[in-house]
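Trainee: I would like a close look at a single part of this model, with its surroundings worked through in order.

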Amino acid sequence: MKILAVESSCDETACAVVEDGRRIISNVVATQIEEHKLYGGVVPEIASRRHCENIVGVCSEALEQAGMSLDECDAIAVTYAPGLIGALLVGVNFAKGAALAKKKPLIPVHHIKGHIAANYIAHPELEPPYICLVASGGHSHIIKVNDYTEFQTIGRTLDDAAGEAFDKAARSMGFPYPGGIHIDKAAKSGDPSRYKLPVPKTENPYDFSFSGLKTAVINLVHNAEQKGEKINVNDLAASFQHTVCEILTSRFIKAAEDNGYKTIALAGGVAANSGLRETLEKKALQKGMKLYIPPVSLCGDNAAMIGSQGYYEYMAGNTAGSDLNAVASLRL
Ligand code: KG4
Ligand code: ZN
């Protein structure tokens, strides 16, 4: 079954053709990062406009690379939640129009479920049940994946998402948006024990909280500026990254152990972080757990992951009609 998938929840207009949920036939992503960089973050109105301008070209390109016409696709999958409402609406309306015109099934896909499904493309042997840590710009969740379309969130961030904390801490260190990747690079030549940063406590041992940590970094930079002292950015990046990785890894591994999982997975934009990949790999090896992580190219927003999850949603009978609407925030 060949699914044309559409993703437009934030600042990437993406379209892909995926076969049977596991094989990418084509995968096109048009990023708007350069434009949003000017404002230090995503400007929702600009994101919507660019999606409108790009979506037809991006989807045509995905079909062309796949050597297929829209008629030859068996269904159309689209991210309908969560995300920026104006951005989501562009993808949803495009997909609804295409499905109606070509009389194809329309499959609504939850963005976070899509991030998790990126692992199915990369790892043909991976099947539920397993437990997954999803860390992105908008979410930090520990999720029990009971089946392809059955999820249970047992931990979440109480304030900022991990990616959001990376981006805001990076901004205070002078890096452009999105700063996660710049912290990753700077951390490679920094000393992670140089700056002591706070580790938050939460009532639920599987929850996260990153806003105190983010504020500590911002205050550290401001205080140094006021005293005319110089911060070692590489050391601060390394210290921040180390702290975030320790928090994410320790709580995720505890959740896996407490709930008896031997198969664990990582997903979301922050899964591209080299420190997090290493820390989790080491810990999983120590604990005798099998860890799955998508390649870096499938960690950030893309439509291939939506096509993968779309296949399993279709198999479970989860299709929609022309009354499908976009939803800005929606739990799993
Ligand atoms: O999943 P994603 O592409 O979009 C959302 O659904 O939010 O995640 C984007 C987030 C951004 O905060 C970005 O800075 C972060 O992922 N990110 C990273 C790295 N690459 C992307 N964070 C840390 N290290 C990286 N290498
Ligand atoms: Zn995402």
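Is G275 buried or exposed, and what is its relative accessible area?

Mentor: The model is a predicted one, and what follows should be read with that in mind. G275 belongs to helix α9, which covers residues 274-287. G275 is buried, because its relative accessible area is 13% and the cut-off for buried is under 20%. Apart from neighbours within four places in sequence, the contacts of G275 are with D184, Q241 and C245. The C-alpha atom of G275 is also 9.0 Å from that of A238, a residue 37 positions away along the chain.

Q241 is among the residues through which helix α8 touches helix α5. Helix α5 spans residues 162-172 and helix α8 spans residues 233-258; their axes come within 11 Å and cross at roughly 170°. Angles over 145 degrees count as roughly antiparallel, and α5 and α8 are therefore roughly antiparallel to each other. On the α5 side the contact is made by A162, A165, F166 and A169, and on the α8 side by F240, Q241, V244 and L248. By class, the residues of this contact comprise 7 nonpolar and 1 polar, with no charged residue.

Next, the sheet. It is an open sheet of 5 strands in the order β8-β7-β6-β9-β10, and the pairing is mixed. From one strand to the next the twist averages 25°. Strand β9, residues 263-267, pairs with β10 in the parallel sense over 3 bridges. Within that pairing, A265 has Y292 of β10 as its bridge partner.

Helix α4 (residues 111-122) packs on this sheet and touches β6 (130-135), β7 (140-147), β8, β9 and β10. The direction of α4 makes about 120° with that of β6.

H111 and H115 both lie in α4, 4 residues apart, which is about one turn of the helix. Each of the two, H111 and H115, is buried. Through their NE2 atoms, H111 and H115 coordinate the zinc ion (ligand 2), together with D301 through OD, at 2.0 to 2.1 Å. Along the chain, the donors of this zinc ion follow the spacing H-x3-H-x185-D.

Conventions:
Residues numbered from 1 in each chain as written. Chains lettered and ligands numbered in written order. Predicted model: local features only at pLDDT ≥ 70, side-chain atom pairs only at ≥ 80, totals over all residues. Heavy atoms only, no water. Axes fitted to C-alpha atoms, helices over the stretch in contact; angles between N-to-C directions. Helix = DSSP H or I, 4+ residues; strand = E, 2+ residues; numbered from the N terminus. Parallel < 35°, antiparallel > 145°, perpendicular 65-115°, else oblique. Contact = heavy atoms within 4.5 Å. Nonpolar A, V, L, I, M, F, W, Y, C, P; charged D, E, K, R; others polar. Pairing = 2+ DSSP bridges. Donors = N, O, S within 2.8 Å, 3.2 Å for Na, K, Ca; no water. Buried < 20%, exposed > 50% of the residue type's maximum accessible area, 1.4 Å probe, protein only.
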